[in-house]
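My notes follow in the order I checked them.

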Amino acid sequence: MHATLPRLEMSDFPAIRRRRLETLQVNLGYKCNQTCLHCHVNAGPTRTEMMDWKTVSEVVSFLGSTGVKTLDITGGAPELNPHFRGLVLAARNLGVRVMDRCNLTILEQSGQEDLAQFLAANAVEIIASLPCYLEENVDAQRGKGVFEASIRALRTLNALGYGRTGSELALNLVYNPQGASLPPEQGKLEHDFHRHLRERYGIVFNQLYVLTNMPIQRFGSMLISKGRLEEYMDLLKNAYEPANLESVMCRSLLSVDWRGYVYDCDFNQMLGLPLRLNGMPRVHLRQLTSEDLDGNPIVVKDHCYGCTAGQGSSCGGALT
């Protein structure tokens, strides 16, 4: 793995500040049952980092004391954390909206046979990674057989009511480009996804989120190996849209790592760029219960151009 931060450190990205906190995004660990080429977490089956119950309890306490109404659970494959279900139940008991960033194939993992039913029973919103509607493209990016397993998982979710008209069970898909290019226009691609998955596989879903590949971790290392990092950064910078600064996710989202330390976003977490507050070298979630982060400066580097290029990119898809 090539270190990407030294190539991103010197940056002319504009200074921005946080607004009112709306979403707590919690990374339960970097272990995953897949090893995807575009992964900005460098997640995989051999990773051992995993949030313990003490830290999960601190997440629940933070939600209860601050009134943050959205919990975005991510990984790795967050469902592999033994405390995943306990966190979901605790958050739902607080009336918190819960989102699970699911890779779909985890539904067929040993020990997860009832996962889909658990998610449905607790009205968990599923954000499912499906980087293309074509089998060859998905398998090239995520591994042989992943597309077929993903289709089976989507059918299971549809059978439970996910993604269906009139259902409260939301199923949103996530698209990533295959390589060093900007994603296509979200609205048109969503139409194509709906049509292809419905006509060929009988699958329905709610929305498609289009994300830009970030030049960090596994994807960034691949770009460095191929001598294409500078070319990709030029692409992002030339497509920079200042209007996207108004709605980038770091303004209203707080990212928490598996140890409980906090960052302005998940990408900063992967680069080891902690939230800046009161001169502390790094900040733990339990230190924020009585803090108001509105107006706090956001840590920015050159990778931030990935969120502001073209139509923009965030955990909720395109910004414009």
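What covers the buried residues of α9? I found that the cover includes α1 (5–8), α8 (217–225) and α11. I counted a contact as heavy atoms within 4.5 Å.

Before going on, I noted the ground rules. This is a predicted model, in which local features need pLDDT of at least 70 and side-chain atom pairs count only at pLDDT 80 or more, while totals for chains, interfaces and linings use all residues. Residues are numbered from 1 along each chain as its sequence is written, and side-chain values use heavy atoms, with hydrogens and water left out.

**Helix α9**

I then listed the buried residues of α9 (residues 229–238): L229, Y232, M233 and L236. Buried means under 20% relative accessible area, exposed over 50%, and partly exposed in between (1.4 Å probe, protein chains only). Down the axis of α9, the buried residues fall within an arc of 100 degrees, so they line one face of the helix. The arc is taken from the directions from the helix axis to the C-beta atoms. An α-helix has 3.6 residues a turn, so residues three or four places apart point the same way. Helices (H or I, at least four residues) and strands (E, at least two) are DSSP runs, numbered from the N terminus.

**The sheet**

I traced the strand order next. An open sheet of 8 strands runs β6-β5-β4-β3-β2-β1-β7-β8, with mixed pairing. Because β6 (208–210) and β8 (262–263) stand at the edges with a single partner strand each, one side of each is left without a neighbour in the sheet. Two strands pair if DSSP finds at least two bridges between them.

I looked at two pairings. Strand β1 (residues 23–27) pairs with β2 in the parallel sense over 5 bridges. L24 stands opposite L71 in β2. Strand β3 (residues 97–102) is parallel to β4 and joined to it by 4 bridges. There, D100 has I126 of β4 as its bridge partner.

Is β4 covered on one face or on both faces? Both are covered: E125, I127 and S129 are buried on one side, and I126 and A128 on the other.

**Pockets**

I searched for open space on a 1 Å grid over the protein atoms alone. A pocket is an open set of points with protein on both sides within 12 Å along at least five of seven lines; a cavity is a set where a 1.4 Å probe fits but cannot get out; lining residues have an atom within 4 Å of a point. Grid points are joined across faces, edges and corners, and a volume is the space filled by probe spheres set on the points.

The largest pocket holds about 320 Å³. I counted 19 lining residues, with T23, M249, S252, S314 and G316 nearest its centre. The elements that give two or more residues to this lining are β2 (70–74), β3 and β4. β3 gives the most, with 3 residues.

The second largest pocket holds about 180 Å³. Its lining includes R19, R20, F62, E291 and D294.

**Cavities**

How many cavities of 30 Å³ or more does the structure hold? I noted 2. The second largest cavity has about 120 Å³ of space. It is lined by 15 residues, and V248, C250, C265, C304 and C307 lie nearest its centre.
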